[in-house]
Amino acid sequence: MNIKVSLPHLFQSDKSKMLSYFLALFILFVVFQQSVSATKKSYIVYLGGHSHGPEVTTADLHRVVDSHHELLGLTLGSKEKARDAIFYSYKRHINGFAAVLEEHEAAKIAEHPDVVSVFLNQGRKLHTTHSWDFLMLEKNGVIHPSSIWKKARFGEDTIIGNLDTGVWPESKSFTERGFGPIPSKWKGTCQINDNARSLCNRKLIGGRYFNKGYTAFGGKLNSSFNSARDYDGHGTHTLSTAAGNFVPNASVFGVGNGTAKGGSPKARVAAYKVCWPQINGSECFDADIMKAFDMAIQDSVDVLSVSLGGVPVDYLYDGIAIASFHAVMNGIVVIASAGNSGPFPGSVSNVAPWLITVGASTIDREFEAYAVLQNGMHLKGTSLSTALPANRFYPLISAAQAKAANSSASDAILCKPGTLDSNKVKGKILVCQRGETARVDKGEQALRAGAVGMILCNDKASGNEIIADPHVLPTSHIKYTDGLAVFAYVNTTKNAKGLITAPKAQLNTKPAPFMASFSSRGPNTITAEILKPDITAPGVNIIAAYSEGVSPTHEDFDDRRTPFISESGTSMSCPHVAGIVGLMKTLHPNWSPAAIRSAIMTTARTRDNTVNPMLDADYKKATPFAYGSGHIRPNRAMDPGLVYDLNVNDYLDFLCGIGYNKTIIHRFSGTFHACPKKYNLLDFNYPSISVQNLPGSVTVWRKLKNVGKPGTYAARVHQPPGFSVSVEPKVLKFEKIGEEKRFKLNIKAKKTTKGYKYGRLTWTDGFHYVRSPIVASAANQ
């Protein structure tokens, strides 16, 4: 705020001048007060966990709320002011509150001994008919008796919650056909109504919405948003991917026809709407996310799928990390997306060790739409758009050639809004480059400029990753090298022409899977000793249910509606894993969240359908920083043989190891925990092994638990180049279920070793193969 007030000279004797002076002072005071009040922001005050008994009474909850008012009142001067400032009290499992405070008030309450941490209410971003066949749960629609679907009864009566943009309850993916009574443990409610009629059923058993954190940040919502109904489509897609019911004859505008279903088709589902129209680049806010977690724990969900995230920060200032810890403490498995900020190193989010963090990779299906050039080149692309009339070539023009007079070629080639000259574009196929703006928006700009079609060419970073979008005009999205050929043809050929074929689903494409370029990569920037992501799963061109309250492009001029859509992102791979976890919970209800994660990680595969190592989108060899332990294999995960298990005390030891004191840990967990006198983070019993900046040699300890038949397991080591790795003992014999055995790895770096190197440890009894990736780097010599 920049306001100038003219002050009369102090020593003038005229009374009117003096009155003007004091009036000016008063104005300055008011302006100052307004500018101070304008600095108010929404904060989360985290107090740790609650120690409620198994039956929480209303009186218990009232006492918690009153204690929050009293605590904040010490800072603000009264309980009444505190009551006005607080918009959420976390009162069931998470202990804390969200309030609108000035910066100095937040700093003051952070000094209180009962407060663990205070942090801003930060924004987060939202990060199928064939993928289950690709994961071998079925084959051409036939489910083999050995499939985990059969063994786990399709996830029967497991409850899967989804933190996202809500749900479209009318979707056939959430019909209650074939479902019995709602599980008696369910304590949730249904905030999805139509003229006071509940839209939940025996499949979609609950829905809640949380938007006070969004509005505290400045978001504007009318009363129609006071519902868990999905007007975005993202939440409906992710929830149906995790646990949608069987829907035959599902397709996207007639392409990709098949039976849609989720990973746990017979699981019950609940929607927790925490994401709203974008504001300042974010849709979801920590205050709402934490409240949703707190209620989901109370509602008795078994699995939580969280397809959203942000920049990783210290765990005590990370709303998702804090809330998910309390969920895991209560036996809930939490799966989170790794993020869509790849392929850049260190971009992975949701890195807390109690989460299952999921990257995204392709499946062996593409929606092929060829770009055909008049010189005879047929370039395979992908799309879910309409087709141009067959057997007719249209003029081609590069978007750079079609730039408007006031635009640069570098902006125009990206088909940014307002950069194209419609006189140059009209009636032609426009060639645009991927990058900076949304893919479907480029199609909108092409259509507005009068193009009859678009060839969308990957930039170098996107490589071979081509995505089928429901473009508003005929489109073919082609890979980087093919794009170079198109630009070369257009730029060197007079009267260049081309056509675009109709989209057609093509199965058994190779290589698959390969890593999506957008999938966020490690290393873990918060705790390097924990390799993230943990796993990769299908996340490219995934067909699932969609909201019919919004168009497939989210553009105002697009009046199309569709019950199913194809989307891509780690948001899509995350619910794949959530659905598989739902099956695991049905099959192994007493396994810990860590045991389930270990089973998924140690049975993963790092080779594609050509039996070669998995690749990145540029067709270079991928690494564990992209795929973690590998590509998920559900049928193997249900019988891993051995697991690397962890309990709450192990996680508390981990927090000790990263420097949290016993007071913070007590508040974090709600229990007293004695930190070990000596603790090495490398010994945290994680299924992967990450040793960074090794100065010479180190010993790493792990512990395996038998969850299968008695047997003898032998160690096999694939050493990272430049490192020697030995295992002691080399053989582990297990005689009963639940038996645990410890072993150690001695890892030594050679002096000439530079950069990250990758290896693998495998324990096998000849039937089970319990694999752990090894990532190592040597200290600078």
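**Loops, a helix and a sheet in a predicted model**

Mentor: In this predicted model, Asp157 is partly exposed, with a relative accessible area of 34%.

Trainee: Where is Asp157 found?

Mentor: Asp157 is not a glycine, yet its phi is positive, about 65 degrees. As for its place in the chain, Asp157 is found in the loop between α6 (148-151) and β6 (159-164).

Trainee: Is Tyr619 buried, exposed or partly exposed?

Mentor: Tyr619 also has a positive phi, near 65 degrees, in a residue other than glycine. It lies in the loop between α16 (593-602) and α17 (624-627). Buried means under 20% relative accessible area and exposed means over 50%. The value for Tyr619 is 35%, so Tyr619 is partly exposed.

Trainee: Which strands are the edge strands of the open sheet?

Mentor: Seven strands form the open sheet, in the order β9-β12-β6-β15-β17-β18-β29, with parallel pairing. An edge strand pairs on one side only, and the edge strands are β9 (204-209) and β29 (535-538).

Trainee: Which residue in β17 is the bridge partner of Ser305?

Mentor: Four bridges join β15 (residues 303-306) to β17 (residues 333-337), and the two strands run parallel. In β17, the bridge partner of Ser305 is Ile335.

How values were computed
Residues numbered from 1 in each chain as written. Predicted model: local features only at pLDDT ≥ 70, side-chain atom pairs only at ≥ 80, totals over all residues. Heavy atoms only, no water. Pairing = 2+ DSSP bridges. Buried < 20%, exposed > 50% of the residue type's maximum accessible area, 1.4 Å probe, protein only.
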